[in-house]
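Me: I'd like to talk through the charged pairs in this one. Can you put it up?
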Amino acid sequence: MRHLIIISAVLGMLAFQSCTTQGSTTDQTLNLDLSGTWTLTYIDETSGTNIDDGFPNKKPTLTLEAISKKLTGNTGCNQMFGSFTTQQNKVSFSGIGTTKMYCEGVKEAEYLEMFNSIHSYKILDNQLIFMDPDGKDILKYSK
């Protein structure tokens with residue numbers, strides 16, 4: 001009986017350990033709420049522009065694919081593409097590129113520069129909000 005208790009305890013510990021370590025080695029999280037096409041509704045004015053003056057004809061869009069971690073979109077002028085990673089509510093972007101069409105009056109460079117400041121995100125009331133490391137809202141999108 002004593003051996004049965006010891007064996008049961010060891011097996012229980014092994015089962016518990018395999019449950020707690022499984023999946024904990026991944027650095028990314030799957031945030032399906034990010035998926036979809038988002039339209040820019042706000043850009044922090046410390047960027048050097050605002051939504052109306054910076055994008056007079058067409059508002060930028062961002063399409064995020066949570067599973068493949070790819071992004072596509074439009075800067076208000078050019079097509080954009082790249083990738084992103086997430087961990088909890090933290091997000092980072094990499095490999096962002098654009099086509100090179102000229103569009104007068106569009107603040108594309110200021111918009112793209114904001115992606116370097118993005119640290120985290122939240123989704124509230126069907127609105128995607130990107131924040132800087134201090135938690136300040138710097139870009140807002142709606143579906």
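Me: Asp44, buried or exposed?
Reply: Asp44 is buried, at 5% relative accessibility. Buried is under 20% relative accessible area, exposed is over 50% and partly exposed is in between (1.4 Å probe, protein chains only). Bear in mind that this is a predicted model: local features need pLDDT of at least 70, side-chain atom pairs count only at pLDDT 80 or more, and totals for chains, interfaces and linings use all residues. Residues are numbered from 1 along each chain as its sequence is written, and side-chain values use heavy atoms, leaving out hydrogens and water.

Me: Which side chain does Asp44 meet in a salt bridge?
Reply: Lys136, at 3.3 Å from N to O. The rule for a salt bridge is a side-chain nitrogen of Lys or Arg within 4 Å of a carboxyl oxygen of Asp or Glu.

Me: And what does that pair tie together?
Reply: Parts that are 92 residues apart in sequence, because Lys136 lies in the loop between strands S7 (127-131) and S8 (137-142), and Asp44 in the loop between strand S1 (36-43) and helix H2 (51-54). Helices (H or I, at least four residues) and strands (E, at least two) are DSSP runs, numbered from the N terminus.

Me: How exposed is Lys136?
Reply: Partly, at 38% relative accessibility.

Me: New topic: how many salt bridges are there?
Reply: Three by that rule. Asp137 pairs with Lys122 at 4.0 Å, N to O. Asp137 sits in strand S8 and Lys122 in strand S6 (residues 120-124), so that pair links parts 15 residues apart in sequence. Asp137 also forms one with Lys140, with the closest N and O atoms 3.7 Å apart. Through shared partners, Lys122, Asp137 and Lys140 join into one network.
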